[in-house]
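Visitor: I would like to learn how to read the features of a model like this one. Please start with the overall dimensions.

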Amino acid sequence: VQLQASGGGLVQPGGSLTLSCAASGTSINVGNWYRQAPGMQRELVASITRRGSTNYADSVKGRFTISRDNAKNTVSLQMNSLKPEDTAVYYCKVESNLWITYWGQGTLVTVSS
């Protein structure tokens, strides 16, 4: 099983980025994006079920949108109106149909002018 996360980078405050996580070797039951800022605990940013139900951290509601493409076995995170406090390493986490958890490698998002 492999999870390939991509899309991180440097963006100015107010800008946008889209992260993508492609899974191979497993179907995605629940897809999640977490983030970990320096010196902070890893936190859940957003999650999406197979049926498309979503959940967001209060800090990103209205700015971030999680989505999935079941045919491509991917989960994406559209991030708008980015703030410096969104700077973190973002991780994709997938729960399979058997509720086995897989983590992808992190992708760094830096919001700075």
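Guide: The radius of gyration is taken over C-alpha atoms, and the globule rule is 2.2 Å times the number of residues to the power 0.38. For 113 residues a compact globule would have a radius of gyration near 13 Å, and the chain has 13 Å, so the two agree. The C-alpha trace spans about 40 × 25 × 25 Å along its principal axes.

Visitor: What kind of model is this, and how are its residues numbered?

Guide: This is a predicted model, in which local features need pLDDT of at least 70 and side-chain atom pairs count only at pLDDT 80 or more, while totals for chains, interfaces and linings use all residues. Residues are numbered from 1 along each chain as its sequence is written, and side-chain values use heavy atoms, with hydrogens and water left out.

Visitor: How many helices and strands does the chain have?

Guide: Helices (H or I, at least four residues) and strands (E, at least two) are DSSP runs, numbered from the N terminus. The chain has 11 strands and zero helices.

Visitor: What share of the residues is buried?

Guide: Buried means under 20% relative accessible area, exposed over 50%, and partly exposed in between, with a 1.4 Å probe and protein chains only. Here buried residues make up 42% of the 113.

Visitor: How many disulfides does a search of the whole structure find?

Guide: A disulfide is a covalent bond between the sulfur atoms of two cysteines; the criterion is a pair of cysteine sulfur atoms within 2.5 Å. The search finds one. It joins cysteine 21 to cysteine 92, S to S 2.1 Å. The pair links distant parts of the chain, 71 residues apart: cysteine 21 is in strand 3 (residues 17–24) and cysteine 92 in strand 9 (residues 88–95).

Visitor: Why is the disulfide called left-handed?

Guide: The torsion about the S-S bond of cysteine 21 and cysteine 92 is about -75 degrees, so the disulfide is left-handed. Cysteine 21 is buried at 0% relative accessible area, and cysteine 92 is also buried, at 0%.

Visitor: Where does arginine 63 lie, and is it buried or exposed?

Guide: Arginine 63 lies in the loop between strand 6 (54–56) and strand 7 (64–69). With a relative accessible area of 10%, arginine 63 is buried.

Visitor: Which residues is arginine 63 in contact with?

Guide: Contact means heavy atoms within 4.5 Å. Leaving aside neighbours within four places in sequence, arginine 63 is in contact with Gln78, Met79, Asn80, Ser81, Leu82, Lys83 and Asp86.
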